[in-house]
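Subject: Handing over the structure

Hi there,

Here is the structure I promised to pass on to you. Have a look at it first, and below it I will go through what turned up.

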Amino acid sequence: MYLVTILGNLFIILAVTSDPHLHTPMYFFLSNLSLADISFVSTTIPKMIVNIQSHSRVISYTGCLTQMSTFILFGYMDCTLLTVMAYDRFVAICHPLHYMVIMNPRTCSCLVLVSFMVSLLDSQVHNVIVLQLPCIENVEISSFFCDPSQLLNLACSDILTNSIVRYIIGAMSGFLPTSGIFFSYYKILVSILSAPSSGGRYKAFSTCGSHLAVVCLFYGTALGEYLSSAVSQSPRKNVAASVMYSVVTPMLNPFIYSLRNKDIKRALWRLLSRTISS
């Protein structure tokens, strides 16, 4: 699954960068999402593979904090990039004549940079909270990586305060991106329903199908696991949800976007043809 994830997202990046027809804002954001997905799975899966091969489940305190920080960084960057991609679809459908003016290269680069900086801030906030927790060494985590929610559950004192802080951070981390997505799709839906022909409505909505599928898959598993970890008493269920959003979703993203997108399929075919012929 790790190799499929890496190769699938790498093919998306190579297809977008090698095909001039795909040098548009939508595919620029898609290539950045693929890069974030590669980084996201690479924070946890290689360590897990090493643990399986070495029959060891130990990670150092510094390594755990580093893994948690990078996991949150690229995980939240997925959230913000999905929000940016929803905004891109909103501009393309609701303001098509001004699309290239609004979504110019400088704006697109700034949106990606802001996504990274906000994600970095969120990861450091989690880091500061975990650093305040006592008795964090020589403990067992019921997951295959240093899950932030599991680390916060290990607090030896003031559990109520830490739970409140976790829910506040989770609500803010989830509320802001999802609000942007809901607002964008509300405007898109209003614009689609006001289209004069059913063909125009279908064409407009079909450009959002892949993005909607990825949003539902990612947010449904990530927020469900994050917010229910303090309530659920079943480590197995929490681990299953963690696998879904940290492994399965990044693996499926390239398939969702490529199978429903003729431009991506053509670019991938041209890329494979050039590779084979060379």
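A residue is called buried here when its relative accessible area is under 20%. By that cut-off, 46% of the 278 residues of the protein count as buried. Please keep in mind that this is a predicted model.

First, the overall picture. Taking the contacts between residues at least 6 apart in sequence, 77% join residues at least 24 apart. The accessible surface comes to about 14600 Å², and carbon and sulfur atoms account for 70% of that surface.

Next, the cysteines. How many disulfides does the count come to? The count gives one disulfide, and the pair that forms it is C64 and C146, with 2.1 Å between their sulfur atoms. This pair links distant parts of the chain, 82 residues apart: C64 sits in helix α4 (residues 61–94), while C146 lies in the loop between α6 (105–131) and α7 (148–153).

Are the two partners buried or exposed? C64 counts as buried because its relative accessibility is 9%, and C146 is buried as well, with a relative accessible area of 2%.

Two further cysteines are in no disulfide. For C108, the nearest cysteine sulfur is that of C110, 9.3 Å away, and C108 is in no disulfide. With a relative accessible area of 4%, C108 is buried. C208 is likewise in no disulfide, and the nearest cysteine sulfur, 9.0 Å away, belongs to C94. C208 has a relative accessible area of 0%, so this residue is buried. A pair of cysteine sulfur atoms has to be within 2.5 Å to be taken as a disulfide, which puts the 9.3 Å for C108 and the 9.0 Å for C208 in context.

Finally, a loop residue. Where is T43 placed? T43 is in the loop between α2 (25–42) and α3 (45–54). T43 counts as buried because its relative accessibility is 14%. Leaving aside residues up to four places away in sequence, T43 touches Q67, T70, F71 and F74.

Conventions:
Residues are numbered from 1 along each chain as its sequence is written. This is a predicted model: local features need pLDDT of at least 70, side-chain atom pairs count only at pLDDT 80 or more; totals for chains, interfaces and linings use all residues. Side-chain values use heavy atoms; hydrogens and water are left out. Buried means under 20% relative accessible area, exposed over 50%, partly exposed in between (1.4 Å probe, protein chains only). Contact means heavy atoms within 4.5 Å. Accessible areas come from the Shrake-Rupley method with a 1.4 Å probe; for residues, only the protein chains shown count as cover. Helices (H or I, at least four residues) and strands (E, at least two) are DSSP runs, numbered from the N terminus.
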